[in-house]
Amino acid sequence: MTEIFPLLGIRLIAVTDHYDSADDADDASQIIVPFKNLINDAYCRDISIKIRSQLDTKRKNGQFIGSFPTYGYRKDEKNRNHLVVDEYAARIVRMIFRMKKEGMNQKHIAEHLNKMGVLSPTEYKRSCGLNYNNGFRTGENPVWSAMAVQRILKNEVYTGMAVQGKFRKINYKVHKLQEIQNDKWVRVPDMHEAVISQELFDCVQELLERDTRTAPQKENVNLFSGMLRCGDCGQNMVRRAVTKNGKKYFYYHCSTYKRRDGCSSHIISEAKLEKTVLEAIQKQIDLLIEAETILKEIGNMPQKRLGIKTLDDQLIALNRQVERYQDLKAKLFQDFKEHVVSSEEYEQIGLRFTKKILEARKSIEEVNGKRERIFSGKPSVHPWIEDFKSYRNIVSLNREILVTLVRRITVYSKDSIKIEFRYADEMEEMLEYALEGMEETEERMGVK
């Protein structure tokens with residue numbers, strides 16, 4: 001201030017401090033004012049730190065502290081730090097996720113919304129009386145764009161997750177915002193009502209990561225787009241068409257082979273692939289329904305003996321493993337003290353023992369979880385079961401069914417494909433539980 005203002009020809013007068021920069025004779029003021037500036041600056045810095053700390057505490061508690069809520073939500077009138085669902089906007093959000101799941105890309109989704117006359121998020125908020133604006137707004141009457149759809153599809157807030165702290169001011173003097181890395185965002189789950197399920201959100205994130213393109217003159221991607229992998233090189237399978245006797249046939253082959261970079265064609269007919277996948281899905285659904293029926297039948301039976309002995313044996317073995325490696329660590333420490341092993345050997349071997357102990361303890365937690373579920377007479381409950389059951393009577397395959405139930409399809413040859421279903425681990429646990437219950441029931445009835 002004492003250097004820049006005179007340079008710019010500015011005269012500073014502070015009435016309360018009895019200071020005038022033009023009065024060169026007042027040496028006392030020339031000395032006192034810089035000290036006052038330092039004190040005031042320290043006071044501002046202290047206030048800034050306290051405010052930031054308070055805001056961080058609110059974020060960690062899941063309280064919403066933004067000026068404007070995410071599209072699809074509004075502030076609770078009873079608690080301005082809590083979000084409630086805006087039903088109209090939430091319906092649009094669900095529609096966007098559904099269209100993406102059905103195979104539409106972001107550009108076609110945006111065009112579809114604009115044709116329907118749906119207001120863009122910015123215009124919708126302004127129509128609700130909010131003095132809202134952002135850096136994404138373009139033109140006087142902004143419409144839906146592919147990027148606007150993309151931001152909605154990637155927003156975790158719609159799963160009930162409070163996500164804040166994406167930007168931060170540099171300091172109390174510089175009000176420019178700097179972007180924060182994703183892993184440092186403040187995320188608190190289940191802080192408000194979810195607009196979409198976590199399963200749907202995860203499914204859409206996988207679709208966004210895949211290299212899927214929409215064919216010309218079409219709104220939706222092809223049925224198996226981004227779902228097929230070559231069993232040898234792991235690359236995508238590409239779709240091709242041939243015309244024979246005036247009829248068009250579609251098939252898939254390895255993209256590496258197409259580029260002449262090696263591998264083999266792994267060619268497979270689209271019609272055969274669709275039939276095989278449909279039959280596999282139907283069998284999987286029938287298997288799950290049968291397992292669920294068995295679980296219901298044994299639901300009222302005493303459950304303590306179902307698989308308990310096997311799990312108890314596993315727990316005994318795992319606990320012995322933990323004790324063994326703990327003893328080895330103690331002996332290793334004694335060897336280190338007696339200079340039998342070097343510090344480097346002590347550190348390396350100790351890390352291996354610690355890793356073994358942690359792995360065993362993790363397995364103990366998993367076994368105990370299974371044991372508790374057996375005692376309660378209930379397997380793990382997941383919403384994915386209803387997803388599978390809702391398609392029990394399907395007679396044809398479409399994109400929505402495929403991406404809901406199947407994660408990936410690996411093609412080894414036209415006669416050998418591997419279908420990786422979603423929730424495969426949960427399915428295996430449920431089927432094992434049903435098998436254990438059925439075996440126990442047969443044992444009680446004297447069936448061998």
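This is a predicted model: local features need pLDDT of at least 70, side-chain atom pairs count only at pLDDT 80 or more; totals for chains, interfaces and linings use all residues.
1. Hairpin β10-β11. Strand β10 (residues 237-244) pairs with strand β11 (residues 247-254) in the antiparallel sense, over 8 bridges. The two strands form a hairpin with 2 residues between them. Asn245 sits in that turn and has a positive phi of about 55°.

2. Three-stranded sheet. Strands β9, β13 and β14 make an open sheet of 3 strands, in the order β9-β13-β14, with mixed pairing. The edges are β9 (228-230) and β14 (416-421). Each has a single partner strand, so one side of each lacks a neighbour in the sheet. Neighbouring strands here are turned by 25° against each other on average, direction ignored.

3. The β9-β13 pairing. Strand β9 and strand β13 (residues 406-413) run parallel and are joined by 3 bridges. Leu228 has Ile409 in β13 as its bridge partner. In general, strands of a sheet pair through backbone hydrogen bonds, either parallel or antiparallel.

4. Largest nonpolar core. It has 37 residues. Those with the most contacts inside this core are Phe224, Val277, Ile281, Phe388, Leu397, Leu402 and Val406. Helix α9 (residues 270-297) gives the most to the core, with 8 residues. A second, separate core has 36 residues, including Tyr71, Tyr73, Ala90 and Trp144. In soluble globular proteins, nonpolar side chains tend to be buried together.

5. Leu397 up close. Which residues is Leu397 in contact with, leaving aside its neighbours within four places in sequence? They are Leu223, Phe224, Glu274, Val277, Leu278, Ile281 and Leu402. Of these, Phe224, Val277, Ile281 and Leu402 are also listed, like Leu397, among the residues with the most contacts inside the largest core.

6. Helix α7. It covers residues 198-209, which is 12 residues. At 1.5 Å a residue the helix should span 16 Å; its end C-alpha atoms are 17 Å apart, which agrees. Its buried residues are Leu200, Phe201, Cys203, Val204, Gln205, Leu207 and Leu208. They pack against α3 (87-101), α4 (106-116), α6 (146-153) and α13 (399-405).

7. Helix α6. Ala148, Val149, Gln150, Ile152 and Leu153 are buried in α6. The cover over these residues includes α3, α4 and α7. The packing can be read from the other helix too: α6 is one of the elements that the buried residues of α7 pack against.

8. Asn368. This residue lies in helix α11 (residues 343-376). Is Asn368 buried, partly exposed or exposed? Its relative accessibility is 31%, so Asn368 counts as partly exposed. Asn368 and Leu311 are 57 residues apart in sequence, yet their C-alpha atoms are 8.1 Å apart in space.

9. Whole chain. The protein chain holds 14 helices and 14 strands. Of its 448 residues, 35% are buried. Among contacts with a separation of 6 or more, 61% come from residues 24 or more positions apart. The accessible surface is about 28,600 Å², and carbon and sulfur atoms account for 51% of that surface.

Terms used: Residues are numbered from 1 along each chain as its sequence is written. Side-chain values use heavy atoms; hydrogens and water are left out. Helices (H or I, at least four residues) and strands (E, at least two) are DSSP runs, numbered from the N terminus. Buried means under 20% relative accessible area, exposed over 50%, partly exposed in between (1.4 Å probe, protein chains only). A nonpolar core is a set of buried Ala, Val, Leu, Ile, Met, Phe, Trp, Tyr and Cys residues joined through side-chain atoms within 4.5 Å. Contact means heavy atoms within 4.5 Å. Accessible areas come from the Shrake-Rupley method with a 1.4 Å probe; for residues, only the protein chains shown count as cover. The expected span of a helix is 1.5 Å times one less than its number of residues. Two strands pair if DSSP finds at least two bridges between them. Axes are lines fitted to C-alpha atoms, for helices over the stretch in contact, and angles run from 0 to 180 degrees between N-to-C directions.
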